[in-house]
Structures are given as structure tokens and as C-alpha cells.
Amino acid sequence: MTGAPLRLSGHAKDLGGGFTVRRLLPAVQRQAVGPFLFFDHFGPVTVLPDAQHDVRPHPHIGLATVTYLFSGAILHRDSLGSVQQIEPGAINWMTAGRGIVHSERRPPSLADKPYVNHGIQLWAALPLAHEEAEPSFVHTPAAAIPQLRVGDATVRVLIGEAFGHPSPVATVSRTLYLDVQLPAGAALEIPPLVPEMAVYAVDAPVELNGEPLAAQVLAVAETGDALRLAAPGESAARLVVIGGEPLDAPRHIWWNFVSSRKDRIVQAATDWENQSMGQVPGESERIPLPERRLKV
């Protein structure tokens with residue numbers, strides 16, 4: 001070990017309608033881990049029939065959204081015409097590139113039923129050469145994601161490669177995303193698979209490299225360090241590991257836009273205001289721009 005991991009506890013962020021998430025990235029101490037510069041953990045939250053948790057149509061540029069559920073369901077629609085019910089265990093990778101608009105809503109099949117939503121949404125900054133790529137949406141079902149036993153641990157290789165098992169999810173830069181379940185008393189060592197790695201304790205405290213790591217804390221490893229994980233005592237634990245190659249340039253983040261250039265974000269804001277970024281078929285609502293604008 002070359003040093004103690006940076007620990008990020010995040011902060012609560014109200015997305016509206018009483019829907020609150022824990023935001024770990026970006027942070028004052030660290031903008032990104034590998035390509036991931038946005039990390040929201042939501043739930044577990046019981047969604048009642050009268051809850052207003054729908055996310056109305058909104059735009060993105062310069063990034064890819066990565067949505068993963070532990071439980072529940074979300075209906076994704078976008079300006080490409082994609083309609084996909086997101087369910088537990090699947091990876092949903094939406095490339096915004098030069099611009100896309102999408103909404104995230106309660107599925108009609110759950111309109112009159114309470115259910116529990118629990119998951120993580122990440123944003124991956126696109127490499128400079130791909131910032132203006134054509135937008136796309138790819139759904140990889142849970143059954144296509146490699147799941148393996150490593151000792152007593154269960155590891156799902158959501159993105160990238162680990163323990164000799166590659167994920168089918170295509171990326172444009174070296175990226176890692178694992179879902180790890182540790183039974184009580186189990187341990188797992190994850191070698192330095194990518195230059196930058198971090199581990200997040202989803203639902204229970206664990207030990208990281210022999211030191212306590214509280215639940216809902218993101219620990220960023222030093223470059224080249226392994227992650228030695230353990231679920232001490234009588235409690236099982238779930239963790240996610242994220243990482244990849246470092247960003248190829250600093251990024252500006254404003255509202256839902258990510259770019260290496262501030263002027264590109266200003267242009268995207270103007271495009272959204274002028275309603276020229278596209279529309280989600282069948283949707284008439286939209287989230288307006290924040291009042292405070294980015295200054296170039």
C-alpha cells in the first residue's frame with residue numbers, strides 16, 4: 001500500500017418531488033475516478049402510487065449515463081426513440097455525445113403498486129475524440145452480465161474485465177464497474193485492474209485494507225493498490241467498484257452537460273432553451289434550464 005485511500009461521504013441532493021439521492025462524485029477533493037465524474041446512489045426507497053419521482057425530459061452532452069438497479073424499475077425513453085424498462089442487474093449505457101434528451105419514469109405496469117427503487121447512476125466522461133459522437137442507447141440484460149464466484153464472494157462484471165471474465169458492454173475508454181456481494185465473514189482481494197479504482201460500500205460497513213469503511217462511503221485507492229475487502233462480523237455486504245483510465249483532460253460540468261470546453265456547454269444551454277436538441281417522442285414536458293448560467 002502506498003497510502004490511505006481518500007474517503008468521500010457525499011451529500012444529499014434533492015432531485016424534486018421528494019426524491020433524494022446521495023451524491024459522491026464530483027467532490028471538492030476529487031472530480032473523477034477513471035472516466036466516472038458523477039456518482040448518485042438512490043434508495044432503497046419505497047415508491048408509492050402518488051409519488052412524484054418521475055424525471056421529466058432533460059438533455060445531456062459529452063458523457064455517457066450508466067444506470068444500474070439493485071431493485072425496482074425505471075422506464076427510459078429518449079430522443080432517439082428508445083423505450084426500455086430498466087430492471088435489476090442490467091446495464092443501460094446511454095451515450096449523449098453531441099446531444100440527447102431522455103426521461104426516466106415509473107413504468108406503467110407499476111402505476112398503482114408500491115415498489116422499492118434502489119440503484120446507482122454514473123456519468124462517464126467521453127474521451128476528447130468522442131465528446132461529439134453520435135448519441136446512442138444500449139441495453140445489456142442481466143443474463144448477459146458475467147457472474148462468478150471468487151472464494152465466497154459473488155462478483156458481477158458489469159463493465160470491463162475482472163478475474164478473466166470480460167463484460168459485453170462496449171466502452172470507448174478503459175473502464176471498470178463491478179458489483180460485489182460478500183457474505184458475513186467473507187473476504188476478497190481485487191488486484192489493481194485499472195489505473196484508478198474506488199470502492200463504495202452500498203449497504204453495510206466493511207473493512208478495506210484492514211481498516212473500517214462505513215456504509216455509503218466511497219474510498220479512492222492510490223494508483224497501483226489492490227482492494228482487500230472483508231465483511232466482518234455477522235453482516236453481509238454489497239459493494240461496487242468503479243474505475244478506469246484517468247480523464248484525458250479536465251472537464252467542466254454544469255447542470256446535465258459535460259465538456260472540455262465551457263463555450264460548448266453554453267451552446268448546449270442555448271440549444272436546450274431554443275428547443276433544438278430533440279424531443280422524446282410522446283412527451284411534452286421538459287425540465288427548464290437552471291436560472292444561474294455558466295459563465296465563459
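**Exercise 1. A buried tryptophan and its partner**

Trp123 has a relative accessibility of 4% and therefore counts as buried. The model is a predicted one.

Task: Determine whether Phe38 is buried or exposed, and describe the aromatic pair formed by Phe38 and Trp123.

Solution. 

Step 1. A residue is called buried when its relative accessible area is under 20%. Phe38 has 7% relative accessibility, so Phe38 counts as buried.

Step 2. The count of aromatic pairs comes to 8. In the pair of Phe38 and Trp123, the centres are 3.9 Å apart and the planes stand at 15° to each other. Planes under 30 degrees apart count as stacked, and the pair of Phe38 and Trp123 is accordingly stacked.

Step 3. Phe38 belongs to strand S4 (residues 36-47) and Trp123 to strand S11 (residues 115-125); the pair therefore ties together parts that are 85 residues apart in sequence.

**Exercise 2. The order of a sheet**

Task: State in which order the 7 strands of the open sheet are arranged, and explain why one side of strand S1 and of strand S13 is left without a neighbour in the sheet.

Solution. 

Step 1. The order is S1-S22-S19-S24-S17-S14-S13, with antiparallel pairing.

Step 2. Strand S1 (6-8) and strand S13 (147-150) stand at the edges and have a single partner strand each, so one side of each lacks a neighbour in the sheet.

Step 3. On average, neighbouring strands of this sheet are turned by 25° against each other, direction ignored.

**Exercise 3. The partners of S17**

Task: Identify how many bridges join S17 to S24 and to S14, and decide how far strand S17 is enclosed.

Solution. 

Step 1. Strands of a sheet pair through backbone hydrogen bonds. S17 and S24 pair over 8 bridges in the antiparallel sense, and Val180 stands opposite Leu239 in S24.

Step 2. Strand S14 (residues 153-159) is joined to S17 by 5 bridges, and these strands run antiparallel. Here Ile159 stands opposite Tyr177 in S17.

Step 3. Of the 8 residues of strand S17 (residues 175-182), 7 are buried, so the strand is largely enclosed by the rest of the structure.

Step 4. Tyr177 also takes part in a cluster, in which ring pairs link Phe36, Tyr68, Phe70 and Tyr177.

**Exercise 4. A further strand pair**

Task: Describe how strand S19 is joined to strand S24.

Solution. 

Strand S19 (residues 196-201) and strand S24 (residues 237-244) run antiparallel and are joined by 6 bridges. Ala198 stands opposite Ile242 in S24.

Methods:
Residues are numbered from 1 along each chain as its sequence is written. This is a predicted model: local features need pLDDT of at least 70, side-chain atom pairs count only at pLDDT 80 or more; totals for chains, interfaces and linings use all residues. Side-chain values use heavy atoms; hydrogens and water are left out. Two strands pair if DSSP finds at least two bridges between them. Helices (H or I, at least four residues) and strands (E, at least two) are DSSP runs, numbered from the N terminus. Axes are lines fitted to C-alpha atoms, for helices over the stretch in contact, and angles run from 0 to 180 degrees between N-to-C directions. Buried means under 20% relative accessible area, exposed over 50%, partly exposed in between (1.4 Å probe, protein chains only). Rings of Phe, Tyr and Trp (its six-membered ring) pair if their centres lie within 6.5 Å; planes under 30 degrees apart count as stacked, over 60 as edge-to-face and the rest as tilted.
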